[in-house]
Amino acid sequence: MTAFRSFPSRVLALAGLAFLALSPAAWADPTQYPLTIRNCGVDVTFAKAPQRAVSIGQSSTEILLSLGLADRITGTAVWFGPVLREYEAANAKIPRLADNDPSFESVVGQEPELVTAQFEWHVGPQGSVGTREQFAALGIPTYISPADCVAKDNSGGGDGVRRQLFNMDLVYQEIRDLARIFDVADRGEALVAGLQQREAAAIASVAGLQAGNVPVVFWFSSKEVDGEAFVAGKNGVPAYILQQLGARNVITTEEEWPLVSWERIAAANPAIVVMAEMSRRRYPADDTAVKQNFLATDPVTSRLEAVRDKRIVVMDVQAMQPSIRAVDGIEALASGIKSFGLGG
């Protein structure tokens, strides 16, 4: 089965070009300490720029790396796949505390002056790693990605329920907040500018295709290959990607990644199936080859229009999550829509 494949982009290189294009008057001012930032309902104060940080979540790590802060990262955890290619050498020198959830002790053992988290369920009211209060009791400030707490309810377990449509402005807020915390606000503005330019270009590339009637499903993984699938709900990053490109999601629930039967998906008959690619192997369907084989051989999925006509987009899993790679996802699906001849 052929598939359109998305590869990680050279985010910092493009952001650097945007930075050079800025006039000196547009550069962000240096941070004035003490700095207090309101983050996910908590005021976090910094007396100075952190010298040691632990990032729990691949997106958090890649934002710090994109801001040129590799020398400040003393530990990472929660990885879905390889780091962005341009940061392989720098990332290889940083201790990986765990592929998935690290222990509280391993994080504290790095003596961090900041702990960042991609997901609230790692460092939140019921944090699987530790609560914000536990870290604060040791004098360690925490920062949670705004995209995982703004208009999102994580109290019910699982991947949470998103009440409003995700917007890239939440990722840009995280970039700017972290840039201010580390006193590299100019780098933050350059990174945001580069991502915004790429996003606008991808949207413009399909502007004339009238893709509003193109139904799409985003398949993350499945606990059992032939069982219900974790697919994207109506308000997450995939839904934002679809909105920006004028396509539509076949799933309408507010759950972030609901489990849905293939019979229900087949009834919606998506014209494109977007599948997540990752190196994680928690579930059998984490493997892209397993996903592709299932779609081609299962009696229900093999009859899908998208499968029959080989309209599959393989997308890095981080592009389906609130991260700088979400722009990669917009670019990948835009290219897929054009290459498949849809929307016209």
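The model is predicted, with local features requiring pLDDT of at least 70, side-chain atom pairs counted only at pLDDT 80 or more, and totals for chains, interfaces and linings using all residues. Residues are numbered from 1 along each chain as its sequence is written, and side-chain values use heavy atoms, with hydrogens and water left out.

The secondary structure of the protein consists of twelve helices and 16 strands (DSSP runs numbered from the N terminus, helices being H or I of at least four residues and strands E of at least two). The radius of gyration is 20 Å, close to the 20 Å given by the globule rule for 344 residues, so the protein is as compact as a globular protein of that length (the radius is taken over C-alpha atoms, and the rule is 2.2 Å times the number of residues to the power 0.38). The C-alpha trace spans about 60 × 45 × 35 Å along its principal axes. Of the 344 residues, 55% are buried (under 20% relative accessible area, with exposed over 50% and partly exposed in between, for a 1.4 Å probe and protein chains only). Among contacts with a separation of 6 or more, 68% join residues 24 or more positions apart (contact means heavy atoms within 4.5 Å).

An open sheet is formed by five strands in the order β6-β5-β4-β7-β8, with parallel pairing (two strands pair if DSSP finds at least two bridges between them). Its edge strands, β6 (96-98) and β8 (142-144), each pair on one side only. From one strand to the next the twist averages 20° (axes are lines fitted to C-alpha atoms, for helices over the stretch in contact, and angles run from 0 to 180 degrees between N-to-C directions). Strand β7 (residues 114-117) pairs with β8 over three bridges in the parallel sense, and Ala 117 has Ile 144 of β8 as its bridge partner. Helix α2 (residues 58-66) packs on the sheet and touches β4 (53-56), β5 (73-77) and β7, its direction making about 150° with that of β5. Helix α6 (residues 169-181) also packs on the sheet, where it touches β7 and β8 at about 160° to the direction of β8.

Strand β2 (residues 35-39) pairs with strand β3 (residues 42-46) in the antiparallel sense over five bridges. Arg 38 stands opposite Asp 43 in β3. The covered face of β2 carries Leu 35, Ile 37 and Asn 39, and the uncovered face Thr 36 and Arg 38. Two residues lie between the strands of this hairpin, in which Cys 40 takes a positive phi near 50°.

Helix α7 (residues 185-205) and helix α8 (residues 237-245) pack at about 55° with their axes 8 Å apart. Glu 199, Ala 202 and Ile 203 of α7 make the contact with Tyr 240, Gln 244 and Leu 245 of α8. Seven of the nine residues of α8 are buried, so this helix is largely enclosed by the rest of the structure. Their cover includes α7, β11 (215-221), β13 (248-249) and α12 (326-339). Gly 246, which follows α8, has a positive phi near 85°.

Asn 91 lies in helix α3 (residues 88-92) and counts as buried at 9% relative accessibility. Beyond its neighbours within four places in sequence, Asn 91 contacts Thr 61, Leu 65, Trp 79, Val 83 and Arg 96.
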